[in-house]
Amino acid sequence: LLFLGSYLFFRKLGVSRAGSLLGGVSFGFGGYFVTHIIHMAPLETASLLPWVFLTGEYLWEKQTPQRFLVFGLVISEQIFAGHLQWVILTLIGLVLFLTFHLFEKGAKELAKKTAAVVLALIFGLALSAPQLLETWQLRQVSARSSGLSEDQIFAFPDGLGNLLTFIFPDYFGTPRDGTYSTDPSLGLFWENTAYMGVLPLLFCAITILS
């Protein structure tokens, strides 16, 4: 889902097949998702991010009932996946992305397009109301109902040492064989490893040097 959604989104933006393929592989099989493979809820929720962008772009381009429904359904499915942090990140990213369209000509047309996206978003939230309401009720009785303490907020710090994991994910050890460091300043392997993958770094280097 991550790869295909990313590929189709980049193609929609006019990126070449080769560029879209590289973008889809880099994002869909990037280090974040590989090192968080045990966190199914975040992965399932994040997998719909490019589809939200793709259907949002289609709706912005042409406001039809079909595109309105599809965008709302994709939003609701991402919420139903269960990891609201990724939903919030997705919506922030979508707003920033669509903001670039506001510089287009034709204020009346922009108002119509913006209204369509906002209404479709409300439609998606309404569809997922059972999940949102239950999540709100759960929050009221959770250990985090009163917010997070300073110790909880900074429980998994990212220090300069963690930058090494961009290239060497197992530099401090790996939970595969129980060798990951017990140094609390390094956090948890699944939370603090920043591995991007070899190919994205290689292509970045080629781009910079070419």
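How many nonpolar, polar and charged residues does the lining of the largest pocket have by class? The lining has 12 nonpolar, 10 polar and 4 charged residues, where Ala, Val, Leu, Ile, Met, Phe, Trp, Tyr, Cys and Pro count as nonpolar, Asp, Glu, Lys and Arg as charged, and the others, Gly among them, as polar. The structure is a predicted model, in which local features need pLDDT of at least 70 and side-chain atom pairs count only at pLDDT 80 or more, while totals for chains, interfaces and linings use all residues. Residues are numbered from 1 along each chain as its sequence is written, and side-chain values use heavy atoms, with hydrogens and water left out.

The protein chain has 12 helices and 0 strands; here helices (H or I, at least four residues) and strands (E, at least two) are DSSP runs, numbered from the N terminus. In sequence order, the pattern reads α-α-α-α-α-α-α-α-α-α-α-α. The C-alpha trace spans about 60 × 55 × 25 Å along its principal axes. Of the 210 residues, 32% count as buried, where buried means under 20% relative accessible area, exposed over 50%, and partly exposed in between (1.4 Å probe, protein chains only).

Now back to the pockets. A pocket is an open set of points on a 1 Å grid over the protein atoms alone, where a 1.4 Å probe fits, with protein on both sides within 12 Å along at least five of seven lines; lining residues have an atom within 4 Å of a point. Grid points are joined across faces, edges and corners, and a volume is the space filled by probe spheres set on the points. The largest pocket holds about 950 Å³ of space. Its lining is made of 26 residues, and H83, L84, Q85, R144 and L148 are the ones that lie nearest the centre. Two or more lining residues come from each of α7 (84-99), α9 (129-140), α10 (150-153) and α11 (189-192).

The second largest pocket has a volume of about 230 Å³. Among the residues that line this pocket are W60, F71, L91, T99 and V117. Helices α7 and α8 (107-127) each supply at least two residues of this lining, and α7 gives the most, with 5 residues. By class, the lining of the second largest pocket divides into 10 nonpolar, 2 polar and no charged residues.

Charged side chains also pair up in this model. There are 3 salt bridges in the structure, a salt bridge being a side-chain nitrogen of Lys or Arg within 4 Å of a carboxyl oxygen of Asp or Glu. In one of them, E61 joins K12, with the closest N and O atoms 2.8 Å apart. Because E61 lies in helix α5 (residues 49-61) and K12 in helix α1 (residues 2-12), the pair ties together parts that are 49 residues apart in sequence. Another salt bridge links D170 with R176, where the closest N and O atoms are 3.9 Å apart. D170 is partly exposed, with a relative accessible area of 35%, whereas R176 counts as exposed at 68%.

The surface also carries a nonpolar patch, formed by L22, L199, L202, F203 and I206, with about 420 Å² of accessible area together. Patches are made of residues with over 30% relative accessible area and no salt bridge, like charges being joined within 9 Å and nonpolar side chains (Val, Leu, Ile, Met, Phe, Trp, Tyr) within 5 Å. Accessible areas come from the Shrake-Rupley method with a 1.4 Å probe, and for residues only the protein chains shown count as cover. Helix α12 (residues 198-209) gives the most to the nonpolar patch, with 4 residues. L202 is found in helix α12 and counts as partly exposed at 43% relative accessibility. L201 lies in helix α12 too, and L201 is partly exposed, with a relative accessible area of 30%. From C-alpha to C-alpha, L201 and I167 are 8.2 Å apart in space, while 34 residues separate the two in sequence.
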